[in-house]
Structure formats: structure tokens, C-alpha cells
Amino acid sequence: MAMKPEMIKKIDAILESVKDPESDLPVAQLGLVRRVRYNEGKKTMYIFTNLNAQVPRCSTCRFIAAAVIARITRDLEAAFKAEFPDLSVEFV
């Protein structure tokens, strides 16, 4: 079953509002979220990301990247839960 257009608009708005703390660009523009799926029966929103593909090899840089990834994930989760309070959010 396809998502309703209102839900798609809300998801697009979330992806435009959540920003990468380093570049201040929206995650939608950076392609950090590959897709979002909704399971109506489980009342769960699944967020498929590319965040771990962005981790550099340098060990010091990895620490910084992990902090940035954690922040983006936290901000995405908060935004999805604020917009869809009756749904759980899972990152895949």
C-alpha cells in the first residue's frame, strides 16, 4: 500500500528541516536518507540511511563522524516522532 500524499509531504519537510551540523545542509540535499517506509500494521516508520557509508578511515576522523552521525540520527528521530507521535521510528 502506498503512502498517502500528506504523509509524503510531511516526510519531505522533515528531511528538509533536519540539517547536517557540519555543513548546515538538509539531509535531503545530502542524500543521507535513502528511503522511508511505513508499516501500517506495526505503526512503524523505517528510515533507511547512508550515514555509515560516510565514515572516514582516519581514527580521529571516525570519532568526529560518529558524533555527527549520532546527532543527525537523534535529530531525525525527534523530528519524525514530533510529526508522527503515534508511530515508532526504526533506523535501518
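K43 is found in the loop between strand 1 and strand 2, where strands (E, at least two residues) and helices (H or I, at least four) are DSSP runs numbered from the N terminus. This is a predicted model, in which local features need pLDDT of at least 70, side-chain atom pairs count only at pLDDT 80 or more, and totals for chains, interfaces and linings use all residues. Residues are numbered from 1 along each chain as its sequence is written, and side-chain values use heavy atoms, with hydrogens and water left out.

**Loop residues**
- K43 has a positive phi of about 50° although it is not a glycine.
- K43 is partly exposed, at 47% relative accessibility; buried means under 20% relative accessible area, exposed over 50%, and partly exposed in between (1.4 Å probe, protein chains only).
- D24, in the loop between helix 1 and helix 2, also is not a glycine and has a positive phi of about 65°.
- D24 is exposed, with a relative accessible area of 52%.

**Helix 1**
- Helix 1 spans residues 5-17, and M7, I11, I14 and L15 in it are buried.
- These residues cover an arc of only 95° around the axis, so they lie on the same side of helix 1; the arc is that of the directions from the helix axis to the C-beta atoms.
- The face turned away from the buried side carries the exposed residues P5 and K9.

**Rings**
- The charged end of R35 sits over the ring of F48, 4.2 Å from its centre (NZ of Lys or CZ of Arg within 6 Å of the ring centre and within 35 degrees of the ring normal).
- F80 and F84 are both buried.

Definitions and conventions
The expected span of a helix is 1.5 Å times one less than its number of residues.
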